[in-house]
Amino acid sequence: MADQPLIHARGLVKRFGDFTAVAGIDLDVAPGEAFGFLGPNGAGKSSTMRMIGCVSTPTQGELRILGMDPVRDGTRIRARLGVCPQLDNLDPDLNVRENLTTYARYFGLSRAESRKRADELLEFVQLADRAEGKVEPLSGGMKRRLTIARAMVNDPDLVLLDEPTTGLDPQARHLVWERLFRLKQRGTTLVLTTHYMDEAEQLCDRLVVMDAGKIVAEGSPRSLIQTYSTAEVVELRFADGLDANADYAAKLDGIGERIDPLPDRILLYADDGDDAVSEVHRRGLAPASVLVRRSTLEDVFLQLTGRTLVD
Amino acid sequence: MAAETMRPLHPVLAVVERYVLLYRRLWHASVFSSFLLPILFLISIGLGVGGYVGSIEGVDYLSWIVPGVLVSTAFQICIGESTYPVLGDFKWVRAYHAMRAAPIRPADIVHGHLIALILRVEVSVVAFLVVVLFFGGLHSPWALVTPLVCALLVASVVTPVTAFAASIESDSYFALLFRFVVIPATLFSGVFFPVEQLPVVIRAVAYASPVWHAVELCRAATLGREPTWPIAAHVGYLVLWAVVGLVLARRAFKRRLED
Amino acid sequence: MMTTLVAARVSLSPSRVGAVINRNVGALRSGPAYWVVLISGFFEPLLYLLSIGVGVGALVGDLTVDGHTMSYAAFVAPAMLAVSAMSGALAETTFNFFFKLKYMKTFEAVLATPVRPFEIALGELVWAVVRGSVYTAIFLGFMVALGLSSVAGALAAFPATVLVGLAFGAVGMWVSTLMRGWQDFDLMGTGQFAMFLFSGTFSPVQNYPVGVEVLIQLTPLYHAVELVRGLCTGIVGPGLLVNAAYLVVMTVGGLWLASRRVEKMLCE
């Protein structure tokens, strides 16, 4: 059991009529891993998550969750999953604690056990002082933490989080991340979707980048950066930028591994950023501003899925 | 690990519990419609208008409409609780999706909702019967079976209406349901006057409505007489609605929560 | 009327209703069902008339009120008409008005233009009454067809139903500016329903104990029913002037109070 993957998929496909949401993906998630699906909207992340959550039947391919078949054993699998959906679906007419206890009862926990779990989890997500309060006045971040607590109520083997911090303000996001990080430290297996690079870098041991229903890259954040980007990136801005960047790009040709002219700046991908900057000056170019930074997942992501907005 | 053996013994019961909890939170909002309104109705129509009616089928008008008002109250609660709240739990609250992510099957939700509503209606039915007893509106110990008849009515009404609520996207369809189904079913199903008075065509509509069959059974019980049709025919018809409705509701929930 | 009231109330949970209204008003307004509902607004009072007026009426036979004998249906029909005018106007000026005031911020946008609060209140009221009057006109047509009112009576009663709509609409608008939340609508619905049952709608108020009778005579629907019934049946007397005056005071007072409240809420 310990070595068996919690999620095992081969050639997994999901179609809705003519539309193919997931176009044949392979993946394995090991116990204790924090695994991320990264991708633009419509990449097929949520459809994959719904199949893993056993609420959507795969059209084709092989899928095993916790070693079981989601179609036949969906109920048994769900008993061991924790799900935090993209949209909070807390019950507005129940108070904060009742949202947890009611949910715990769906998993067959006794009343006493439900109550105990609820209080522990409220402590964990820092909502103990709101236990008797209504759900409606909670902030977005608090609601999300409550939903995460609810997902933990059955002490799940696998926690699914669909865009856990979308729509939250920066402070609230960090608080959610911090709690998820603690879960990870406890050894809970996390599977999450996100389109935030910083989130993926913060939380995921390993991730896949999805685009148009397919997995286009897989690895740890570090290995993805190594494979698909350079160690450093130089951002150059020219005073007369905007229209002239294509011309500047031609003049920069040959510096670093790759040049990406954007409307407002030019990105130079190079393993040694300072070297590249010296070369720029040597060619007699005088950018208005120069920034050398480490490559991030965002660079990988944009390289892989393109710059066109897919909203 | 505890999770290994953790399987809900009674997922339906857990769903019922949620509804009971909700009812305990919100019961005060329904005091008027479930308790006070039927009594006011009895006073206005039963006593007020009844004074002019005198006796009907050998009893005073108040006693005659008691079972009608009883059944129509149960009917109203069923409709109210199976329309907006059901669509809301799919669309806005998304409570059903939350259940679905837990080891609760769509059919468990349908059954839990139905059982919770039967309990909910029985509370109102019993309260109503107690009050009516003091009005002298019950004429036979058979009145004790009216809660059972109402439970059967709940099953025959809640299931198809729930199926409807689970199949639509916009709540504006409920207005159509109220206006063209619920109101005619309340006004022309023998609640206020015998359906024999209706023109034959409209009478057929009354016969088709589960409300009329429940009214007939309850009236027979509170007045201690035989119903219009054989008891088995009335009961069988209500059971038919309940069974067909249950099949439809389970299918609609499954369709909406799975894809 | 009753059934809709009941159904709405059974399922009432302020947060749910709020959520429904909040997110779905657009769909509600444009859905195909909405138009059917809008057009068939006269349907409910008509069903009530057929069920209680005609159905129960057959059990009651004729009714003698103040020495005038009429069929029970002829007694109930004008009351249903008045109730229809009342609930039509109230639906528009309470629930919808409250929604626009609190959630859609419609009025804030309007007030940024030279339009004044009083004009907003008046505009809302006129729309409510125009819509309600279409229903009452259709209903009057049915009454004439069923022999429950003469053509002259119907023509005389129509302006009275407009006045009823104005009176309830104006007061309803004022009341909705005082509403704290959706739960207060429950209270209002209760009052509305109690009036529906006991304002001489289904049986003459003279049958009630004197104390109750006097109490009823203080409430607005009683005056609306009396006025409309008097004109429909042609049994007119000086009392109708009192009824009409009551409704005029409601209209003027309601409008004045409503626009003052809107001004206070939005312009300060």
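Transmembrane regions are assigned to chain B by an unreviewed UniProt entry at residues 26-49, 61-79, 114-136, 142-166, 173-193 and 231-249. In the predicted model, residues 26-49 of chain B are 100% helix and 0% strand, with end C-alpha atoms 34 Å apart. Residues 61-79 of chain B are likewise 100% helix and 0% strand, and their end C-alpha atoms are separated by 27 Å.

The contact between the chains involves 29 residues from chain B and 28 residues from chain A. On the side of chain B that touches chain A, two or more residues are contributed by each of α1 (2-5), α2 (11-53) and α5 (95-101) of chain B. The most is given by α2(B), with 8 residues. By class, this side of chain B comprises 19 nonpolar, 1 polar and 9 charged residues.

Chain A is assigned two domains, domain 1 (7-220) and domain 2 (230-294), whose centres, taken over C-alpha atoms, are 41 Å apart. An open sheet of 6 strands with mixed pairing is formed in chain A, in the order β5-β6-β7-β3-β8-β9. Because β5 (81-84) and β9 (214-219) of chain A each have a single partner strand, they stand at the edges, and one side of each is left without a neighbour in the sheet. From one strand to the next, the twist averages 15°. Strand β8 (residues 206-211) of chain A runs antiparallel to β9(A) and is joined to it by 5 bridges; Asp211(A) has Lys214(A) in β9(A) as its bridge partner.

Helices also pack against these strands. Helix α5 (residues 140-151) of chain A touches β5 and β6 (158-162) of chain A, its direction making about 165° with that of β5(A). Helix α11 (residues 297-305) of chain A lies across β3 (34-38), β8 and β9 of chain A and runs at about 30° to β8(A).

Technical notes: Residues are numbered from 1 along each chain as its sequence is written. Chains are lettered from A and ligands numbered from 1 in the order in which they are written. This is a predicted model: local features need pLDDT of at least 70, side-chain atom pairs count only at pLDDT 80 or more; totals for chains, interfaces and linings use all residues. UniProt positions are given in the numbering used here, feature names are shortened, and annotations may be inferred rather than shown by experiment. Helices (H or I, at least four residues) and strands (E, at least two) are DSSP runs, numbered from the N terminus. Two residues are in contact if their C-beta atoms, placed from the backbone, lie within 7 Å. Ala, Val, Leu, Ile, Met, Phe, Trp, Tyr, Cys and Pro count as nonpolar, Asp, Glu, Lys and Arg as charged, and the others, Gly among them, as polar. Domain bounds come from an automatic or database domain assignment. Two strands pair if DSSP finds at least two bridges between them. Axes are lines fitted to C-alpha atoms, for helices over the stretch in contact, and angles run from 0 to 180 degrees between N-to-C directions.
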